[in-house]
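My notes follow the display.

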Amino acid sequence: MIISKNPYTNTTLKEYHAHTQEQVEQCIIQANQRFEIWKGTPLKERAALVNQLADLLFQKKQTYAELMAQEMGKPVTQGRAEIEKCIWLCDFYTKNGASFLADELIETEASESFISYDPLGVILAVMPWNFPFWQVMRFAVPTLMAGNTALLKHASNVTGCAMAIEALFKDAGFPEHTFTTVLANHDQVEYILAHDFVKGVSVTGSGTAGKAIAAIAGKHLKTSVMELGGNNACIVWEDADLDKYMDTMVNARMQNTGQSCIAAKRFIIVDSLYDKFVQRFKKRVSQLRSGDPMDEATEIGVLAREDLADTLADQVTNSVHKGAAVTMGNAHEKAYYEPTVLEEVLPGMPAFDEELFGPVAAMIKAKDREDSIVLASNSSFGLGSMLFTKDIKAAKRVIGNIPDGAFFINEMVKSDPRLPFGGTKMSGYGRELSKEGIHEFVNKKTVYINS
Ligand code: NAP
């Protein structure tokens with residue numbers, strides 16, 4: 001039985017029967033049968049369906065936002081913003097998908113030579129709960145647009161969202177079995193990925209899940225994309241414009257109640273600005289309204305599950321044992337975690353080395369600009385870094401020293417359908433979104449013709 005629970009009220013929302021092995025097998029076979037037809041569907045038709053997805057998302061925005069609020073504690077206003085972003089994604093691929101997939105001519109001595117982007121088959125997605133619609137849509141829309149079919153194994157605590165997304169594709173007019181939610185457990189993930197009909201996997205989740213599934217993909221030689229955790233640095237130089245960007249920096253840590261892979265998890269501040277920065281950061285954080293995720297005024301909801309708050313509390317406690325100081329917040333009860341500021345954070349502490357998945361900001365003092373870059377790249381993760389400064393020339397000079405998938409100057413790291421998204425090191429590999437994303441699950445076939 002899969003149980004979906006409201007983390008704010010601690011009540012059970014619904015219970016779902018997990019799929020049996022026979023049902024899982026059936027889902028794979030049907031997805032493959034559909035693939036054989038879907039791969040020949042004209043791109044224009046696929047784009048029209050993606051456009052219909054956008055219309056339906058628009059119509060059901062409030063329903064989906066409420067579903068997320070109930071299943072994983074996301075403030076309802078942030079749920080609506082998530083659905084708006086999914087609409088933007090659909091619009092982007094409706095307009096650009098076909099051109100990204102068009103044959104790409106390459107001049108050689110042949111009469112004609114080009115790259116043909118052919119779909120692969122059934123692709124499995126293993127997805128997390130933190131952005132239950134966005135993470136799935138950003139995988140599914142380009143993957144289906146490219147002519148593949150998809151199986152989704154969503155995080156078990158957002159099974160209601162998983163069912164709603166399956167219905168969304170169906171209601172938008174996608175043929176049956178183009179997109180299927182499979183209520184599978186971890187062992188069944190291996191069964192699905194090992195199956196001959198399944199050609200690849202996209203994982204968004206923790207490093208633990210990523211390593212386990214990447215190993216299975218490797219064993220069966222299936223292509224994979226891994227979007228894993230992060231502990232992004234937010235570097236603040238002495239000339240940063242705090243009046244203009246303080247809200248951005250607070251949002252970079254606190255949005256989605258701190259449960260974002262690309263959140264600013266380590267604030268690395270040049271010594272001369274440190275005190276002023278921390279004081280203003282705390283003042284802004286103290287104004288954030290915690291409360292019922294269903295309430296329009298709520299900015300900080302609850303963590304998606306109680307055990308996540310326990311893990312976060314342990315990481316804070318262990319950091320304090322190693323010398324860090326809690327200078328704001330840290331009250332927690334059940335799934336609620338108060339916005340917290342942790343100072344005197346150093347390498348070797350969980351708050352520096354690990355991913356803190358909740359509303360806890362780690363403050364780190366850097367001697368100078370150079371030291372700030374060294375500290376920022378001192379991480380086993382590599383999802384992204386952000387730098388706040390008025391000195392754009394100097395900021396551009398350090399681009400090469402940031403070994404991450406993204407570097408944002410005077411902006412928080414964020415995903416955007418027009419730009420590639422993905423990490424390095426323990427944050428995974430492969431790219432989603434943009435032209436790069438739609439090319440992850442295709443056969444880039446070389447065609448060479450002498451006539
Ligand atoms: P998680 O515990 O790793 O779960 C993610 C998904 O993987 C769930 O569907 C989970 O299923 C499944 N899973 C976990 N272990 C598995 C295994 N051994 N075999 C097969 N499936 C397995 O992560 P989460 O707590 O849902 O999400 C938070 C993490 O995701 C954070 O680390 C965050 O940084 C990362 N994330 C990364 C990105 C990115 O784009 N890089 C975006 C969002 C989130 P069950 O629910 O059934 O356990």
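I took a pocket to be, on a 1 Å grid over the protein atoms alone, an open set of points with protein on both sides within 12 Å along at least five of seven lines, and a molecule to sit in a pocket if more than half of its atoms lie within 2 Å of its grid points. On those terms I found the ligand in the largest pocket.

I noted that this is a predicted model, in which local features need pLDDT of at least 70 and side-chain atom pairs count only at pLDDT 80 or more, while totals for chains, interfaces and linings use all residues. Residues are numbered from 1 along each chain as its sequence is written, and side-chain values use heavy atoms, with hydrogens and water left out.

I looked next at the shell (residues with a heavy atom within 4 Å): of its 27 residues, Met-127, Arg-138, Ser-206, Leu-228 and Glu-355 come nearest to the ligand. The shell divides into 14 nonpolar, 9 polar and 4 charged residues, and it draws at least three residues from each of domain 1 (2-228 + 427-449) and domain 2 (232-417).

Conventions
On a 1 Å grid over the protein atoms alone, a cavity is a set of points where a 1.4 Å probe fits but cannot get out, and a pocket is an open set with protein on both sides within 12 Å along at least five of seven lines; lining residues have an atom within 4 Å of a point. Ala, Val, Leu, Ile, Met, Phe, Trp, Tyr, Cys and Pro count as nonpolar, Asp, Glu, Lys and Arg as charged, and the others, Gly among them, as polar. Domain bounds come from an automatic or database domain assignment.
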